[in-house]
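Colleague: Thanks for making time for this model. Please take me through it one question at a time.

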Amino acid sequence: MVNKTKTWASKLVLLCFAFTIMLAGCGKDSTTTPEPTPTKNEDKTTDQPKESALTPVELTYYFPNTPQKDLQSVEDELNKLVQPKINATIKLKLIDWGSYDEKMNVIMSSGEPYDIAFTSTWTNNFYQGVAKGAFAPLDELIEKYASDTKSSVPETFWKGVKVKGATYGVPNFQQSTAGYGYLIQKSVADKYKFDWKSVTKLSDLTPMLETIKKGEPTLIPWGYSKAIDPFLIATPMFNLEALGDSKTPGSIYLNDTDMKVVNQYATPEFKEYVTMMRDWYMKGYVRKEAPTLKDNMADLKSGKVAAQIGQIDIDTTAFEQAGMSAPGRFTNSNKDVQSYDHMFIKPLLTTDKAAASITAISASSPNKERAMMFINLLNTDKQIYNLINWGVEGKHYKKVADNRIETIPDSGFKISSPWEFGNMSQTYYTEADAQGAEVDDKGNKLWIDLNKNAAASNALGFVFDFTPVKSEKANVDAAIDELYYAIATGSIDPEKNLPEFLNRLKDAGADKIIAEKQKQLDEWRAANK
């Protein structure tokens, strides 16, 4: 997407979105989905064969993040832990967020052998990778080498990584069930006495952004990048649910029991959104370079973003009600910039959120068994998990309590994406987490309970197979890449350009894609009554 330390990218994704920034994301069936128990300090390696029975191998592991100067020392320490357990060494292949999609496409297209890769619904698209034959089926490997991992992850999450009945990835259990809202710098909200809790839709932010624009000339009122585009990462904010990836035409309305597939770009909600963004862009609330920004991490790290979209599991109010004080998700990027995080769209578990963070094994891997053993370690070995997330104790962080650390500034390693690797209930709490969250593991219990009890989408478990319309999808993707971000940021007038965009999508085959989604969805509903 993206989040506080434990959710960002979601969402980044935020950051998710990028990140998510930033943006980034259980179970409902109590008979099949046990509540996961946070992993204890002791290692669980019952699925691993004895090292002496294994020949030595090197596993190549691709994942996205911000480049880290001291990655090699983390890799060295990681291998000291992994090698005695499964007689394998790990080559960490970190690719910058903005380049990950492109580079993984090149790697997969070239047939270059590798072993493990991060995949999701928002980068290195999981479903497209399965359709292309890029990822290996894993059911037998999971049963043999990762039964501990299988039992620790809710069944609901496993539904999101199944395609035509086969499992093609291991879901990273994290705060996937998240609502949506926004983040705003605490100092700014306090200075102008904003009623930040009263926001129920994005347009409610307009008066605040106007005040920030006039009174804070060094700040960017509304943070934006392609990685945290609200319409793409927060579809429920617009009363929509994506079927497959959120870019491809074909969504359903959340409250539509008939589940009619519509072109989300032709909805009144999209027109209203881009009209608002045009107003914000023309008034200078959004950076002029917004349509081409892959991420806005530089702006976040420098503390220049006053407010932006948020994929939020536990917001400021919820932390306060639980007796904890949270610094907010902006501290993930700059520890001195606290934020209020306000959720106004309640959590919903959808297929794309259940599949928002996945570890897959390459179909080209010569070491699939060993790769699954390593994935099991990421999910069950707390020492290994926290090393790849936070680095080396004393060098990249210092322990301040049994389960809480403080990261060391400018240490050369700060991934800050515990949702990206294995089971996140193992993670240390950091300075970006609520004070008191580590007491009785209250922080983890909040999001685990949220995942367990959140409402499930009507289409949870439906996976769109775009193979019958792959040519149309390629043409539609090209049209979207060319025009969407200019319209969605308001840098061009939607009154003139939205009709042209819709015509381009139609000519590219959007109607055929939507019809195929409807056909597959109807078949899925009939089979799952």
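Modeller: Gladly, starting with a term: buried means under 20% relative accessible area, exposed means over 50%, and partly exposed is in between (1.4 Å probe, protein chains only). This is a predicted model: local features need pLDDT of at least 70, side-chain atom pairs count only at pLDDT 80 or more, and totals for chains, interfaces and linings use all residues. Residues are numbered from 1 along each chain as its sequence is written, and side-chain values use heavy atoms, leaving out hydrogens and water.

Colleague: Is Asp 313 buried or exposed?

Modeller: Asp 313 is found in the loop between E12 and helix H12 (316-321); helices (H or I, at least four residues) and strands (E, at least two) are DSSP runs, numbered from the N terminus. The relative accessible area of Asp 313 is 3%, and the cut-off is under 20%. Asp 313 is therefore buried.

Colleague: How many Å apart in space are Asp 313 and Glu 75?

Modeller: In sequence, Asp 313 and Glu 75 are 238 residues apart. In space, C-alpha to C-alpha, their separation is 31 Å.

Colleague: Which residues does Ser 225 contact, leaving aside its neighbours within four places in sequence?

Modeller: Ser 225 lies in the loop between E9 and helix H9 (230-233). Its relative accessible area is 0%, so Ser 225 is buried. With contact meaning heavy atoms within 4.5 Å, the partners of Ser 225 are Leu 293, Lys 294, Asp 295 and Asn 296.

Colleague: Why do the buried residues of H8 line one face of the helix?

Modeller: In helix H8 (residues 206-215), the buried residues are Thr 206, Met 208, Leu 209 and Ile 212, while Pro 207 and Lys 214 are exposed on the other side. The cover over the buried residues includes strand E8 (179-185), helix H7 (186-191), strand E9 (220-223), helix H10 (268-282) and strand E12 (305-312). Seen down the axis of H8, the buried residues line one face because they fall within an arc (of the directions from the helix axis to the C-beta atoms) of 160 degrees.

Colleague: What is the phi of Asn 87, and what is that of Asp 410?

Modeller: Most residues other than glycine have a negative phi. Neither is a glycine, yet both have a positive phi: for Asn 87 about 50 degrees, and for Asp 410 about 55 degrees.

Colleague: Which residues of H14 does H1 meet?

Modeller: The axes of helix H1 (residues 71-86) and helix H14 (residues 368-380) come within 11 Å and cross at roughly 120 degrees; axes are lines fitted to C-alpha atoms, for helices over the stretch in contact, and angles run from 0 to 180 degrees between N-to-C directions. H1 is therefore oblique to H14, given that under 35 degrees counts as roughly parallel, over 145 as roughly antiparallel, 65 to 115 as roughly perpendicular and the rest as oblique. From H1, Leu 78, Val 82, Lys 85 and Ile 86 meet Arg 370, Met 373, Phe 374 and Leu 377.

Colleague: How are H17 and H18 oriented to each other, roughly parallel or roughly antiparallel?

Modeller: Helix H17 (residues 470-488) packs on helix H18 (residues 494-508) with axes 8 Å apart. Among the residues that meet are Val 476, Ala 479 and Leu 483 in H17, and Leu 498, Phe 501 and Leu 505 in H18. The angle is about 170 degrees, so H17 and H18 are roughly antiparallel.
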